[in-house]
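Please look over the sequence and the 3D structure below before reading on.

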Amino acid sequence: MKTQIKTASEIVAIRKSGQILAEILDILRVATVAGITTGEIDKLAEQELEKRGAKPAFKGYDGFPASICISINDEIVHGIPSGRIVKDGDLVGLDFGVLYDGMITDSAVTVPVGKISKDAEKLLEYTERALESGIAVLKDGVKVGDIGAAIENTLIKGGLKVIETLGGHGVGHKVHEEPYIANFGTAGTGETLRAGMTIALEPIASLGTHDADLADDDWTYVTRDHSLSAQFEHTLLITKDGSEILTKLR
Ligand code: MG
Ligand code: MG
């Protein structure tokens with residue numbers, strides 16, 4: 001594996017990138033209410049990036065046409081902002097990437113709009129908990145399988161299904177760096193991660209299926225059974241004894 005250990009100056013820059021991301025994602029989360037369109041959320045993201053002298057990391061990535069991915073209900077990830085109106089009861093996934101000072105960070109939340117079902121609440125609670133479980137095992141020497149197992153165990157506890165074809169990854173100079181970090185696995189197996197590496201962990205789960213299908217727009221992944229899906233993501237710096245959450249709002 002190509003080592004992805006960041007230098008001290010890169011870590012200074014990626015911390016700033018992560019804080020900008022955290023600030024903007026919080027603004028977008030609050031703005032995600034019934035009546036707004038996903039295109040308006042994208043526009044707000046653009047404006048907030050510009051204010052901070054930052055760039056959208058996803059725009060143009062493999063040709064993605066917007067600054068943020070917005071995926072609603074059975075849409076899992078990579079939804080394209082449009083004139084679609086957010087409605088009461090929707091689960092709105094906001095997945096956002098920021099480029100600042102040469103460094104990229106990546107973070108996502110799933111926002112409940114108005115009143116949601118008990119099952120939807122469980123989906124959000126355990127997907128977010130799964131992210132915490134993955135973060136809890138991080139430290140110098142952790143293996144990719146340790147992370148996958150921790151995330152998977154929490155999703156299973158919540159009665160959720162892991163979307164098997166999507167997962168976490170190294171991040172920093174590029175949106176996706178090695179290694180790939182599956183949201184399931186066996187503890188003690190896989191590549192070893194070291195202090196100084198920056199990674200994105202992103203549990204992605206659904207209420208009904210492990211399987212994702214690509215929609216007609218060739219971007220959006222949708223649950224095969226159209227059950228609700230959720231994603232939570234942070235960018236993390238691995239340290240000697242643990243990790244630093246770079247995209248947590250300070
Ligand atoms: Mg992301
Ligand atoms: Mg990611």
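What follows is a short briefing on the fold, the metal sites and the spaces in the protein.

This is a predicted model, in which local features need pLDDT of at least 70 and side-chain atom pairs count only at pLDDT 80 or more, while totals for chains, interfaces and linings use all residues. Residues are numbered from 1 along each chain as its sequence is written, chains are lettered from A and ligands numbered from 1 in the order in which they are written, and side-chain values use heavy atoms, with hydrogens and water left out. The protein has four helices and 15 strands; helices (H or I, at least four residues) and strands (E, at least two) are DSSP runs, numbered from the N terminus.

**Overall shape**

- The radius of gyration of the protein is 17 Å, close to the 18 Å that the globule rule gives for 250 residues, so the protein is as compact as a globular protein of that length. The radius is taken over C-alpha atoms, and the globule rule is 2.2 Å times the number of residues to the power 0.38.
- The C-alpha trace spans about 45 × 40 × 30 Å along its principal axes.
- Of the 250 residues in the protein, 54% are buried. Buried means under 20% relative accessible area, exposed over 50%, and partly exposed in between (1.4 Å probe, protein chains only).

**The two magnesium ions**

- The magnesium ion (ligand 1) is coordinated by Asp95, through two entries marked OD, by Asp106 (OD) and by Glu233 (OE), at 2.0 to 2.7 Å. Donors are N, O and S atoms within 2.8 Å of the metal (3.2 Å for Na, K and Ca); water is not among the atoms, so sites may look incomplete.
- Along the chain, the donor residues of ligand 1 have the spacing D-x10-D-x126-E. Aspartate 95 is in strand S4 (residues 91-100) and aspartate 106 is in strand S5, 11 residues apart.
- The protein donors of the magnesium ion (ligand 2) are Asp106 (OD), His169 (NE2), Glu202 (OE) and Glu233 (OE), and they lie 2.1 to 2.2 Å from the ion.
- Aspartate 95 counts as buried because its relative accessibility is 7%. Aspartate 106 counts as buried because its relative accessibility is 2%, and glutamate 233 is buried too.

**Helix H3**

- Helix H3 (residues 118-136) has 19 residues and reaches 27 Å from its first C-alpha to its last, close to the 27 Å expected at 1.5 Å a residue. The expected span is 1.5 Å times one less than the number of residues.
- The buried residues of H3 include Leu123, Leu124, Thr127, Ala130, Leu131 and Gly134.
- An α-helix has 3.6 residues a turn, so residues three or four places apart point the same way.

**The cavity**

- The structure holds one cavity of 30 Å³ or more. On a 1 Å grid over the protein atoms alone, a cavity is a set of points where a 1.4 Å probe fits but cannot get out, and a pocket is an open set with protein on both sides within 12 Å along at least five of seven lines; lining residues have an atom within 4 Å of a point.
- The largest cavity has a volume of about 40 Å³. Grid points are joined across faces, edges and corners, and a volume is the space filled by probe spheres set on the points.
- Ser71, Glu75, Ile76, Gly93, Thr110, Ser229, Ala230 and Gln231 line the largest cavity. S13 gives the largest share of this lining, three residues.
- The lining of the largest cavity has two nonpolar, five polar and one charged residue. Ala, Val, Leu, Ile, Met, Phe, Trp, Tyr, Cys and Pro count as nonpolar, Asp, Glu, Lys and Arg as charged, and the others, Gly among them, as polar.

- The largest pocket holds about 380 Å³ of space. It is lined by 24 residues, and the closest to its centre are Tyr61, Val77, His78, Leu166 and His176.
- The second largest pocket has a volume of about 300 Å³. Among its 18 lining residues, the closest to its centre are Ser107, Val109, Glu128, His234 and Thr247.
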